[in-house]
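Dear colleague,

Please find below the structure that I am handing over to you. My notes on what was found in it follow.

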Amino acid sequence: MPKPRLILVLGDQLSADLSALRAADPARDLVVMAEVTGEGTSVPHHPQKIALILSAMRHFAQDLRAAGWQVAYSRLDDPGNGQTLAAELLRRAAEAGAEALICTHPGEWRVLADLQALPLAVTVLPDDRFLCSPGDFAAWAEGRKELRMEWFYRDMRRKTGLLMEGDKPAGGQWNLDAENRKRAERSLLRRAPLRFAPDAVTEEVLTLVEARFAHFGRLRPFGWPVTRAQAVQALDDFVTHRLPSFGAEQDAMLEGEPWLSHSLLSAALNIGLLRPLELCRAAEDAWRAGRVPLNAAEGFIRQIIGWREFVRGIWALKGPAYLEANALGHGRALPAAYWGGETRMACLRAAVGQTEALAYAHHIQRLMVTGNFALLAGVDPAAAHQWYLSVYIDAFEWVEAPNTLGMSQWADGGVVGSKPYVSSGAYIDRMSDHCRGCGYKVAEKVGEAACPFNLLYWHFLDRHRARFARNPRMAQMYRTWDRMPADHRARVMNGAETVLARLDRGDVV
Ligand SMILES: Cc1cc2nc3c(=O)[nH]c(=O)nc-3n(C[C@H](O)[C@H](O)[C@H](O)COP(=O)(O)OP(=O)(O)OC[C@H]3O[C@@H](n4cnc5c(N)ncnc54)[C@H](O)[C@@H]3O)c2cc1C
Ligand code: SF4
């Protein structure tokens, strides 16, 4: 019998058809799964995120054993646990007499480097759970002046055949986003997402996490799907009850309504319990059966085969150096409000408050509230990246970094987005009901009560004039700014400087 090989399954690789498992022989090889402090504390992950991964790993290991695999599973509190992936792999290799490791490409560059440094024969297989391989993405990107999601998305529609009628998009248009900008109505009845009561395995994990990780974020109540069966139920529930209104109110925010019509499926998808194509097919089937409007199905499918695959392609294309990007030279510390500190800003309080309670905020809260404020305030993009990677249930480097450093902080100098996502308070007022309960006044442009977004927006444009004034999508804003009376502009700049000075002193903003 040849020597056994180690087959590594990471916490976000919980898919029965993972490439590493497909390459293995259950009669010969040993699957290694390890809960290690080193991964739980690489950044201060939200306790619910740690619990999700540990519980889903334990359930997945049970399934693997039932399917005939030998699994060496290291629990966090095992006395012999070396508490890093490398230490556990070497321990298992010594125990089993293994000299080779097969793994699927991890979603974090740091982990890849650690694995490649092991004194074992390491084979890294592609992660083919994505619909576009790094090679295909690189071929698509080759020779293009700009990499824009919209063009990539159209190719992905053609490639997958999703929402296609022959070679034309169903309904005649590729992108129905113009129909998806509605303010949410409080009166609209949306069924809250399915939450799952912890079973004995999850309860044990919750107790362990409670004892070991005193990170930002509340652990309970915990209701995330931790098995494939639960994730499939969550998908069905979303398609039936929230997908119909997903499109229209995709960008909306309502005080005290964290979920609205969102799917909450990103975590299950990112750890491998669901596959991207099955989500898209479910949405397409619902549209073809007349159960959801086209703008909802198209909007949802675009997020998955468009944005999700696009940012993964960027992450793979740009490599580890991307994580250091800081095109705008920003260096301010992340305000304490992001870690639950006091703030008078109702929109920021709502986004951070629900993040702390639920490890979840939807896209527009991440992009246009926390992201927008960090960018306008000139926060160090590395600090923003660490924060987003820490606090969200679905945060893994390959998807979080391009969204934060690229889309949200424009730290990559325009690789992901042609212009920065910045706005004054007017956008938040239009898309939410936060402003009416705020310590600031969104209608005030200057003075003590002025919304900080209103002040910092112009300060941002002014301080980055050399870079953005000639951007055709921003030139109009510079013309507007330049037409304002000089004394008004001076008051705006002074007001913004006051806000920034307060942030630097750690005063409440
Ligand atoms: C600063 C910032 C950081 C982000 N960090 C992450 C992250 O760490 N992990 C993550 O999965 N998403 C991230 N996103 C994208 C997006 O906000 C989340 O995917 C979404 O909010 C997850 O909630 P949901 O499942 O309810 O999504 P829905 O609104 O229901 O959307 C459906 C699905 O589309 C996919 N999707 C939507 N937008 C994106 C996007 N921009 N990039 C990739 N996939 C997308 C997700 O898989 C999501 O489940 C980030 C966005 C921003 C602006
Ligand atoms: S007034 Fe400004 S800070 Fe307050 S909720 Fe509205 S946008 Fe946010």
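What percentage of the contacts in the chain with a separation of 6 or more comes from residues 24 or more positions apart? The share is 74%. Please bear in mind throughout that this is a predicted model.

**The chain as a whole**

There are 22 helices and seven strands in the chain. Its radius of gyration is 24 Å, close to the 23 Å given by the globule rule for 509 residues, so the chain is as compact as a globular protein of that length. Along the principal axes, its C-alpha atoms fill a box of roughly 85 × 55 × 50 Å. Of the 509 residues, 59% count as buried.

**Ligand 1**

Ligand 1 is surrounded by 29 residues, the closest being His262, Ser263, Leu264, Asn270 and Tyr360. By class, 15 residues of this shell are nonpolar, ten are polar and four are charged.

Several atoms of the protein lie close enough to oxygen atoms of ligand 1 to be listed individually. In asparagine 270, an N or O atom of the side chain is 2.9 Å from an oxygen atom of the ligand. For histidine 363, a polar side-chain atom lies 3.0 Å from a ligand oxygen. Leucine 265 takes part through its backbone, where an N or O atom is 3.1 Å from an oxygen atom of ligand 1. On its own, ligand 1 has 820 Å² of accessible area, and the protein covers 99% of it.

Which elements give two or more residues to this shell? They are α11 (266–270), α13 (294–318), α15 (363–376) and α17 (397–408). The largest share, six residues, comes from α17.

**Ligand 2**

The residues around ligand 2 include Met345, Cys347, His434, Cys435, Cys438, Cys451 and Phe453. Two or more residues of this shell come from each of α14 (346–358) and α18 (425–431). The shell has ten nonpolar and two polar residues, and no charged ones.

**A buried alanine**

Is alanine 283 buried or exposed? Its relative accessibility is 0%, and because buried means under 20%, alanine 283 counts as buried. This residue lies in helix α12 (residues 276–288). Apart from its neighbours within four places in sequence, alanine 283 is in contact with Leu243, Val292, Ala297, Phe300 and Ile301. Alanine 192 is 91 residues from alanine 283 along the chain, and their C-alpha atoms are separated by 18 Å.

**Backbone points to look at**

Most residues other than glycine have a negative phi, and most peptide bonds are trans.

- The peptide bond from arginine 220 to proline 221 is cis, its omega being near 0 degrees. Proline 221 sits in the loop between α8 (200–212) and α9 (228–241).
- Glutamine 83 has a positive phi, near 65 degrees. This residue is in the loop between β3 (70–74) and α4 (85–96).
- Leucine 260 also has a positive phi, near 45 degrees. Its place is in the loop between α10 (243–246) and α11. With a relative accessibility of 3%, leucine 260 counts as buried.

With kind regards

Methods:
Residues are numbered from 1 along each chain as its sequence is written. Chains are lettered from A and ligands numbered from 1 in the order in which they are written. This is a predicted model: local features need pLDDT of at least 70, side-chain atom pairs count only at pLDDT 80 or more; totals for chains, interfaces and linings use all residues. Side-chain values use heavy atoms; hydrogens and water are left out. A residue is near a molecule or strand if one of its heavy atoms lies within 4 Å of it. A polar contact is a pair of N or O atoms within 3.5 Å; within protein, one must be able to donate a hydrogen and the other to accept it, and residues adjacent in sequence count only if both atoms are side-chain atoms. Accessible areas come from the Shrake-Rupley method with a 1.4 Å probe; for residues, only the protein chains shown count as cover. Helices (H or I, at least four residues) and strands (E, at least two) are DSSP runs, numbered from the N terminus. Ala, Val, Leu, Ile, Met, Phe, Trp, Tyr, Cys and Pro count as nonpolar, Asp, Glu, Lys and Arg as charged, and the others, Gly among them, as polar. The radius of gyration is taken over C-alpha atoms; the globule rule is 2.2 Å times the number of residues to the power 0.38. Buried means under 20% relative accessible area, exposed over 50%, partly exposed in between (1.4 Å probe, protein chains only). Contact means heavy atoms within 4.5 Å.
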